Amino acid sequence: MILKFIDLFAGLGGFHIALRNLGHECVFACEIDKDLRETYKKNFGMLPFGDLKILQAKDIPKHDILCAGFPCQPFSKAGDQKGTKCPKWGDLFESHVIPIIKVHKPKYVILENVPNLGRHNNGRTWEKMQKALAECGYDVRAQIISPHDFGIPQIRHRMFIVGCRTGLASFEWPKNNGEQCSIKSILDKMPKDAKPLSSKVIKCLTVWQDFLDRSPKDEELPSFPIWTMEFEATYPYVDTTPHAVGTRRLRNFKGAHGFQLSTVAPALRFDHLPSYARVEEQLFPSWKIQFIQQNRSFYQKNKKWIKPWLPQIFEFPPSLQKLEWNCKGEKRDIWQYVIQFRASGVRVKRPTTAPSLVAMTSTQVPIIAWEKRYMTPRECSRLQSMNNLQFLPNSSTKAYEALGNAVNVEIARKIAEALCY
């Protein structure tokens, strides 16, 4: 049976592809971004409506399935977590999605968002959403799912929500097939349109390779993030913080990389602390205390070989002065792995899966180190199971951003198939 569906906050059309592949018909789409609307039209032959906020629910065509990957920024751990109070996005579910559901009463609802939606505001945000859907007559379930559970080489946990007006007694979430992942399965060989690494990036990775080369071969590299700014630092962090101590008393301590804080005026001392140590807190959270302690202990134990290496890292921005080595037990050759530059550091991963695609800036695009290049937009589209999507945004920056916000097609298809059949 062919069902009619609507695609809200459509983006690149992940839900559209998934349900079309099951034989269903899209009767309405909505996307506020002008460039994405044009791309959607090229791919699907229909121009999405623009701003959902100015649309009357009664003007949307009747439909059997409502799909919505509603904006995640208000609920993401990476954002400000204003949730439903976010003036731009936070009220879209309650003020616009729910009214559409009330008017049209579709049999099925499929939603997608970040995992933190379930935890936001101590679970109260999700509890409120569940209640709203239940009051509209839906049996509701939610599950956190990642593509790598199904052999798709990307670790990207997302919260999927399904609702059905006739109950979910026979519904089961798709099962993990246990298939092994390899990022090489979605890569092209030396694609001509790939952006090569800059000399600055290559130099940074070369410096970190030197760190790996100097490390004792008979000892495991740390599993905790390596924060080089803690090497030689002595500022207080256990029972107090630099903020609690105050700038005058900080003169007795050393800041990032051992900078002697007494050599600058009190007003400038915080500038020479790691950014994570400048927060206005009386106590650091336990995880931060642990990471600082682990890094200082690691440095003291390995000072002999780290100290002569350390000055090499000073020329790079703070985010590149940190290393996350996620290749425990593997060969210490940084050029064999997948790398991503993030605010948390230089993240090095085995070539089994790609890092989670986020609404990426150009500097966060995964690096294919053995070819000294960034992943292309087309390769990233395969991570979202958009293999057959003909058109992507013309700008690479726009394409990466859109793919980072996209719904994974194969996961959406599996869920819709389990829900509607």
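The legends below describe close-up views of a predicted model.

**View 1. The nonpolar core around Trp208 and Phe211.** The largest nonpolar core has 89 residues, and those with the most contacts inside it are Trp208 and Phe211. Apart from this core lies another one, of 30 residues, which includes Leu52, Val97, Ile101 and Val109.

**View 2. The aromatic pair of Trp208 and Trp309.** The model holds 15 aromatic pairs, and in this one the rings are tilted, with 5.2 Å from centre to centre and 45° between the planes. Trp208 belongs to helix H5 and Trp309 to helix H7, so that the pair links parts of the chain 101 residues apart. Both residues are buried, and both belong to one aromatic cluster that also includes Phe211, Phe224 and Trp305.

**View 3. The aromatic pair of Trp227 and Tyr276.** This pair is also tilted, at 4.3 Å centre to centre and 40° between the planes. Trp227 lies in strand S7, whereas Tyr276 lies in the loop between helices H6 and H7, and both are buried.

**View 4. Arg156 in its loop between strands S5 and S6.** Arg156 is buried yet has no salt bridge, the nearest side chain of opposite charge being that of Glu112, 4.5 Å away. A polar atom of the Arg156 side chain lies 2.9 Å from the backbone oxygen of Ala406.

View 5. At the N-terminal end, Ser395 caps H9 through a side-chain oxygen 3.2 Å from the backbone nitrogen of Thr397.

Terms used. Residues numbered from 1 in each chain as written. Predicted model: local features only at pLDDT ≥ 70, side-chain atom pairs only at ≥ 80, totals over all residues. Heavy atoms only, no water. Helix = DSSP H or I, 4+ residues; strand = E, 2+ residues; numbered from the N terminus. Buried < 20%, exposed > 50% of the residue type's maximum accessible area, 1.4 Å probe, protein only. Lys, Arg positive; Asp, Glu negative; His and termini not counted. Salt bridge = Lys/Arg side-chain N within 4 Å of Asp/Glu carboxyl O. Polar contact = N/O pair within 3.5 Å; in protein donor to acceptor, adjacent residues only side chain to side chain. Core = buried A, V, L, I, M, F, W, Y, C linked by side-chain atoms within 4.5 Å. Phe/Tyr/Trp six-rings, centres within 6.5 Å; stacked < 30°, edge-to-face > 60°.
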